[in-house]
2 protein chains.
Amino acid sequence: MKSMNNIKWHESTMSKAAEWSDEGYEAWLRFDPLAKSELEVYTDWCSEIILSEQSVILQAARAELIRGIASMLGRKPMVKAKPSKPRYLFVGTLDCAELEGLIDKKTRESLQEEGYLIKTVENPEGSCIVLTGQTDKGVLYAAFHFLRLLQTGQSLNGLSIKETPRNRLRMINQWDNMDGSIERGYAGKSIFYKNNKIVTNVKRIQDYARMMASVGLNAIAINNVNVHDVETKLITSELLPYVARVADIFRAYGITLYLSINFASPIQIGGLQTADPLDPLVKQWWADKASEVYRHIPDFGGFLVKADSEYRPGPFTYGRDHADGANMLADALEAFGGLVIWRCFVYNCQQDWRDRSTDRARAAYDHFCPLDGRFCDNVILQIKNGPMDFQVREPVSPLFGGLRHTNQLLELQITQEYTGQQRHLCYLVPQWKEIIGFDTHASGEDSTVARIVEGSIHGRPYGGFAAVSNIGDDTNWTGHLLAQANFYGYGRLAWNPELSSEQITEDWVRLTFGNDKTVMETISRMLLDSRTIYENYTSPLGIGWMVNPGHHYGPNVDGYEYSKWGTYHFADLLGIGVDRTESTGTGYTGQYHDIPSARYESLHTCPDELLLFFHHVPYTHKLHSGKTVIQHIYDSHFEGVEQAGELMQSWASLKGKVDDTRFTHVLSRLEEQVRHAKEWRDMINTYFYRKSGIPDERNRTIY
Amino acid sequence: MKSMNNIKWHESTMSKAAEWSDEGYEAWLRFDPLAKSELEVYTDWCSEIILSEQSVILQAARAELIRGIASMLGRKPMVKAKPSKPRYLFVGTLDCAELEGLIDKKTRESLQEEGYLIKTVENPEGSCIVLTGQTDKGVLYAAFHFLRLLQTGQSLNGLSIKETPRNRLRMINQWDNMDGSIERGYAGKSIFYKNNKIVTNVKRIQDYARMMASVGLNAIAINNVNVHDVETKLITSELLPYVARVADIFRAYGITLYLSINFASPIQIGGLQTADPLDPLVKQWWADKASEVYRHIPDFGGFLVKADSEYRPGPFTYGRDHADGANMLADALEAFGGLVIWRCFVYNCQQDWRDRSTDRARAAYDHFCPLDGRFCDNVILQIKNGPMDFQVREPVSPLFGGLRHTNQLLELQITQEYTGQQRHLCYLVPQWKEIIGFDTHASGEDSTVARIVEGSIHGRPYGGFAAVSNIGDDTNWTGHLLAQANFYGYGRLAWNPELSSEQITEDWVRLTFGNDKTVMETISRMLLDSRTIYENYTSPLGIGWMVNPGHHYGPNVDGYEYSKWGTYHFADLLGIGVDRTESTGTGYTGQYHDIPSARYESLHTCPDELLLFFHHVPYTHKLHSGKTVIQHIYDSHFEGVEQAGELMQSWASLKGKVDDTRFTHVLSRLEEQVRHAKEWRDMINTYFYRKSGIPDERNRTIY
């Protein structure tokens, strides 16, 4: 990777790190100098690296090890072909001759494509820590893992860590436009585009690739799923050479590049009269287009497609269905090993609010379940976690349980569109854990979303996680420094959905703020509590929305009530909620398998936090918690603001334990959060007090 | 006026008229060919025009007469110094030697500066119709009036029409920005600016000047009162030569040019550290600036100022008040005869919705009444008609009654910001008639707004009407063709507030659609009913707002409820309205003189249509009409939609009587209005039904 040469290692890296790290640019790859107690033994292991193979990815692994070790230990390791001292690091794939006797056959066979092994091999004549994998990608992941061990001060004795990713696809979706804007971006402009061109200074793209690889992410679609005129041309020979350069950067970090495409491309850039997926000319056009793309990028990942959704073109125009559309593209890509990732965010966005029978929540299931089994093997359906749109609380999409013969990708949103837009602290890993742990009962118990999307339950060849990125060109990448944890946590979960929120959080805090116990515990607690706090002072009991239309920031109870978007709460003077039951409502609960379906159908078993998503109830309805709905609204909103204040207090207690720049930055965001939480509290409480006329039992101020 | 030469009269004019008039470009100056019956006698009078004086304005009068007569009679009149036939038109000021014996002394003395006389003088040796005035401006107005007589088919026998404008200032405010956009513009882009420059093709500005003069308007401020960076430079030597060219065009039509200025100009373009109005350097800067402006435009009108309002800079920054600010500018302009027009639209736009004691309605009075008597004689306060902001219904601002020693200008809004944005038909002349007819009781009975702003009640030297324009570069000027009537009506009322809505309307319809009785009566009825219809289906009983924030189009009951703008309805499950009484509310009613104050203060006398502006009442409160508030809301909204449908039916009945292009255009707007009125109806009715729980007595569909 030629651009690697631009980075001057060791001294220059260290001084740069010091300069940037106060602003948070280095994120969790700070590699701060370690405590003295750890230096000696770590240095003993790490001053020599044995690496004999060649590949761009191994070169990246080598560079990362040198950079990280030099930064942490204050001494640049030597890279050699043969060891000159008793202890050293060995870096290489399982194919290395040196590893022949060291790794047993069983271990070798159990390591899958991207898996890796970190193993301390103690021999009288020379001990080493082996960082190896089936492929060079595995080695790179091992290198990042090993650096994490050093950063978090772990013992290096008797290491035996074997990791294999649970998901084949661990993907990021950039909603970046070529004019430099980012749809739903809250951290500055795009690092990929400026003035309708791909940037020439690729430093930030490189560093982004490092961040992605360090948490095991292996795929990226670099343009917005809403593909506008300029971006439609990304698959033309005019722009492909520039795309290829970006692919080069990601390739060195084991990341495959995808493009979002415009389904109407044959018309818009192909000069055809139609984009009908069954039209032979259209098929040929896409086949030729695929060849062209692969000529520029031989390991191109494939196409990400938003079709027939929110005014985007698609097969419906021609009386075709999603399978027709996706399979046509899949045919074009198949010869090259490319994939079609087809989004299921399809619903009627011209709904009449007067019409209570149409239920947007039903849309993805209604559109795609009937097509189950018709999609090619290299098509993956990308399904948003919930049936609506990334609200702070909604049930898991029933489509995960519905599809049996189709590859599935879980779509999450790291960028905090509806969860505080990186001005509020809202750590999403606990939410994601709930989602992937949800038992669909598709094939009996433990048919979790995690097991469905990894493909194990239905034996699907492809699957995994995709998520909308939260990064931009703000120095600290994510606007709110603590929002870096969402990106980090997403990567870790995509690799291994079994990791606990607590483990991921502790790792991130240690890497980002060091190993001080108070700092670690305080920030971990803040992160882990933050989603519940945000939920408390925003829209209650799973009803969602209640935000300002368009930009989606800040409270507006009726903001989406009389709209065309299918997003209603139906609050009147007596009650609130959407009846989605089979017995009296829209029938949405029937899209789940028996056990979850029955749980949601009945008022007796429906969980409080989703009550208003599934049922229309009077304000005086008693929750399982023992409170009435109205009192719950009041209490949670007063409590949420108090809790936001406590977040701020917790952070304030770290003064002196976190460098001033990062401390002040986060404090100012938390102060804004407290102010804004009060807006939420007062607006929501006033709305429901005015509407219900029921006073707060505790007689607090409602306006 | 040099540009006059560009216009080729007679044939070319006629063909152009025919080409444009179908789109509505000619507005009420179509001069369609007249019926045969009228041709003979009109031609007898109009084939010869005697005109001996010279001035740019008289040249315009001459050109207009030739153009109009030629177009209507099919024959271009001859202009001569002496008559060659027994009947002719005589055009000139009272100073003409020819008029010496013809106009008696008393008549001469009664004609004020801009007044005019149209008189048939029958002599055995030669009869003429005299179009004369004290000044050439009067002659121009007489010419347009005379053309109107022909267009509407009036008899020319024994004419004796004497007209004097009631208001010294009859002004238009263009809210045009130099990037070509128009704040609150609904008829295309600016005709004045493009790409941050003044346009070079001034044809439309000329035609606009003609339209203005034809209804007696005599002043225009050509840039938005929100003066942004580029527009701040309009008073610099860089841009003044271009402004001067625009002034030349308007001058020929008797119209004086004003500029909106940025109070912070001394800082932004003057290089000073302050804009403090009491700072000697600032005073000197503005004095120098005035000299500079008048060097370019010797008859420059003066400055229009929005200061300390909605984030615009002003004297408050320096601890000064509005009088300090306005007088400093007035001092700078005085030597040149210039005026300062200072807007009173000043209020707290950062209000906390929780704070029920602050009342935006009070703001203009509270800010400006204490300053009464402190303003220089060449300062005029420009006061919006109501205390809020151009709602379809609000009371008249109490400031008109409050000021006694200050020049006042009534500010109206022709552009339909809150009244349908020229997509809905909403003819505003009846609203304006109510406003100017409102009796403030400032000096006993009949202290109407009309008499206050004309200056007669308090003996003020300056006063009149100002209004925000509704024109843009749409071919028909106003987007909705029928919205031309609002511009026309405004000019006629500014000249003579005593004119009835019916008279103005009939004139406009005849000029625009000809003299067919059915056409005239149908369109007149549509126009005269339209404001009540719009009011019926939008926000009820004077409460206002309930629109989407920002662009202000379409229903949104809580759109401005939890906002910082001071615009609340306080609806809860029991009732709605703002208590602005002295006894229990914000005390706003106390800003009126005794009689109106008492009328508004008491529920027994407060007019139904303003009830919710002044009182918070239960939905079950009985109106004077006998209906409850809630039933009134339901009834008026159902009725409003029916009436909108009737507007459409009425127009449809004119098929074949109006040319196809204009017929189709208006029909499509009316269709949109009906559709959109239903949105209003359903959203408002549903909101209040859900909130009150009270069913419609007539059991109609509420969602």
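# A guided tour of a two-chain predicted model

Begin by selecting B:Glu114, which is buried at a relative accessible area of 7%. Here buried means under 20% relative accessible area, exposed over 50%, and partly exposed in between, with a 1.4 Å probe and protein chains only. The model is predicted: local features need pLDDT of at least 70, side-chain atom pairs count only at pLDDT 80 or more, and totals for chains, interfaces and linings use all residues. Residues are numbered from 1 along each chain as its sequence is written, chains are lettered from A and ligands numbered from 1 in the order in which they are written, and side-chain values use heavy atoms, with hydrogens and water left out.

**Stop 1**

Helices (H or I, at least four residues) and strands (E, at least two) are DSSP runs, numbered from the N terminus. B:Lys137 is buried, with a relative accessible area of 15%.

Next, select B:Arg30 and B:Asp32, whose salt bridge has its closest N and O atoms 3.1 Å apart. B:Arg30 is buried at 6% relative accessibility, whereas B:Asp32 is partly exposed at 35%.

B:Lys306 is buried at 5% relative accessibility, while B:Glu310 is partly exposed at 23%. For a network that takes in both chains, select A:Asp352, A:Arg354, B:Glu679, B:Arg681 and B:Asp682, which are joined by salt bridges that share partners. Over all chains, a search of the whole structure finds 88 salt bridges.

**Stop 2: helix 11 of chain B**

Select residues 322-334 of chain B. How many of the 13 residues of helix 11 are buried? Eleven are, so the helix is largely enclosed by the rest of the structure. Among the buried residues are B:His322, B:Asp324, B:Met328 and B:Leu333.

Contact means heavy atoms within 4.5 Å.

Helix 11 has end C-alpha atoms 18 Å apart, which agrees with the 18 Å that its 13 residues should span at 1.5 Å a residue. The expected span is 1.5 Å times one less than the number of residues in the helix. At the start of the helix, a side-chain oxygen of B:Asp321 reaches to within 3.1 Å of the backbone nitrogen of B:Ala323.

**Stop 3: positive phi angles**

Most residues other than glycine have a negative phi. Two residues of chain B may be selected with this in mind. B:Tyr311, in the loop between strand 12 and helix 11 of chain B, has a positive phi near 75 degrees. B:Met546 has a positive phi near 60 degrees and sits in the loop between helix 18 (517-537) and strand 17 (575-576) of chain B. B:Met546 is buried, with a relative accessible area of 1%.

**Stop 4: chain A**

Select A:Leu493 in helix 16 (residues 484-495) of chain A. Is this residue buried or exposed? A:Leu493 is buried, at 0% relative accessibility. Residues up to four places away in sequence aside, A:Leu493 touches A:Asn167, A:Val429, A:Trp432, A:Lys433, A:Ile436, A:Phe465, A:Leu499 and A:Ile504.

Now select residues 27-146 of chain A, which an unreviewed UniProt entry lists as "domain: Alpha glucuronidase N-terminal". UniProt positions are given in the numbering used here, feature names are shortened, and annotations may be inferred rather than shown by experiment. This stretch is 38% helix and 20% strand, and its end C-alpha atoms are 17 Å apart.

**Stop 5: the two chains together**

Finally, display both chains. Chain B can be laid on chain A with an RMSD of 0.0 Å by a turn of 180 degrees and a shift of 0.1 Å along the axis. That is the relation of a two-fold axis. The superposition is by least squares on the C-alpha atoms of residues with pLDDT of at least 70 in both copies. Of the interface residues of chain B, 100% are also interface residues in chain A, so the copies meet through the same surface.

Methods. A polar contact is a pair of N or O atoms within 3.5 Å; within protein, one must be able to donate a hydrogen and the other to accept it, and residues adjacent in sequence count only if both atoms are side-chain atoms. A salt bridge is a side-chain nitrogen of Lys or Arg within 4 Å of a carboxyl oxygen of Asp or Glu.
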